[in-house]
Amino acid sequence: MMTEERLKDEFYLLSQAFSVKQFKLTSNTLTIALQTNSKKIYTVRIDLANHPYEVPKVFITNPKPLLDRSGNPMLDASHPMHTLGGENGCTRICHYGASQWHPGVYLYQVVVKVRVWLEVYENHLKTGYPLDKYLTTAAG
Amino acid sequence: MSFFKKNQSDDCTDVSQVIKDQHDGNRGVELVMNDDGELVAVPASQVDKVDGIKATEIAKKDYYSLL
């Protein structure tokens, strides 16, 4: 669990990058609404149970379930689609690999990566290309 | 300043291509998340003059192996 000081730092950094109306941060969870360039809005939940010592689980909670171009729920781990399965009908996405994670990574950095992931996901919906056409794999 | 026009229909494709270009070692354009949360492409030569989060800087440090 995060220390109170870390929680304050996370909140400050998030508030520099995003509107405070966009997110809700507790010691256990970060929930944030992200709007893509196409103006679609997604809701993201980040599990902070072991943050900052382990890679946090990141879920797309709305839309639920997230669908691929073919209309199939993205609830399985998929290397080409950069997903790590699903829980409770929500897609878990890949961001940092375990080998790249360290406690100095802050949540705003994770969220920016999620923001990039969403843009590439929308490109998948448009073109059919898997996400790994554009994103490389986070090892570990 | 940005390469893309706002609300351009193929915006996500352009953004994705910038990310791929970064992977391929082309640092000529950077993605910046501006105050509106929009990801815009900015020439690397001008990126220091732009307010916002340098998305591709965050990306390439850990997640995206460029070489």
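How many bridges join strand β4 (residues 57-62) of chain A to strand β7 (residues 90-93) of chain A? In this predicted model, three bridges join β4(A) to β7(A), and the two strands run antiparallel. Within this pairing, Ile60(A) has Thr91(A) of β7(A) as its bridge partner.

Both strands belong to an open sheet of seven strands in chain A, arranged in the order β1-β2-β3-β4-β7-β6-β5 with antiparallel pairing. The edges of this sheet are formed by β1 (23-25) and β5 (77-78) of chain A, each of which pairs on one side only. Two helices of chain A lie across the sheet. Helix α1(A) lies across β1 and β2 of chain A and runs at about 170 degrees to β1(A). Helix α2(A) lies across β1, β2, β3 (41-47), β4, β6 (83-87) and β7 of chain A, at about 40 degrees to β2(A).

The two helices also meet each other. The axes of α1 (residues 4-17) and α2 (residues 107-127) of chain A come within 8 Å and cross at roughly 40 degrees; α1(A) and α2(A) are therefore oblique to each other. On the side of α1(A), the contact is made by Glu10(A), Leu13(A), Leu14(A) and Ala17(A), and on the side of α2(A) by Leu107(A), Tyr108(A) and Val111(A). By class, the residues of this contact comprise six nonpolar, no polar and one charged.

Chain B contributes an open sheet of three strands in the order β2-β1-β3, again with antiparallel pairing. Its edge strands are β2 (39-43) and β3 (53-54) of chain B, each pairing on one side only. Strand β1 (residues 29-33) of chain B is joined to β3(B) by two bridges, and these strands run antiparallel. Here Val32(B) stands opposite Lys54(B) of β3(B). Helix α2(A) packs on this sheet, where it touches β1, β2 and β3 of chain B, and its direction makes about 95 degrees with that of β2(B). Helix α1 (residues 11-23) of chain B likewise packs on the sheet, touching β1 and β2 of chain B, with its direction at about 125 degrees to that of β1(B).

The second largest pocket has a volume of about 160 Å³. Its lining consists of 14 residues, of which Gln22(A), Ala33(A), Gln35(A), Asp36(B) and Gly37(B) lie nearest the centre of the pocket. Strand β2 (residues 29-35) of chain A gives the most to this lining, with three residues. By class, the lining of the pocket has six nonpolar, five polar and three charged residues.

Methods. Residues are numbered from 1 along each chain as its sequence is written. Chains are lettered from A and ligands numbered from 1 in the order in which they are written. This is a predicted model: local features need pLDDT of at least 70, side-chain atom pairs count only at pLDDT 80 or more; totals for chains, interfaces and linings use all residues. Side-chain values use heavy atoms; hydrogens and water are left out. On a 1 Å grid over the protein atoms alone, a cavity is a set of points where a 1.4 Å probe fits but cannot get out, and a pocket is an open set with protein on both sides within 12 Å along at least five of seven lines; lining residues have an atom within 4 Å of a point. Grid points are joined across faces, edges and corners, and a volume is the space filled by probe spheres set on the points. Helices (H or I, at least four residues) and strands (E, at least two) are DSSP runs, numbered from the N terminus. Ala, Val, Leu, Ile, Met, Phe, Trp, Tyr, Cys and Pro count as nonpolar, Asp, Glu, Lys and Arg as charged, and the others, Gly among them, as polar. Axes are lines fitted to C-alpha atoms, for helices over the stretch in contact, and angles run from 0 to 180 degrees between N-to-C directions. Angles under 35 degrees count as roughly parallel, over 145 as roughly antiparallel, 65 to 115 as roughly perpendicular and the rest as oblique. Contact means heavy atoms within 4.5 Å. Two strands pair if DSSP finds at least two bridges between them.
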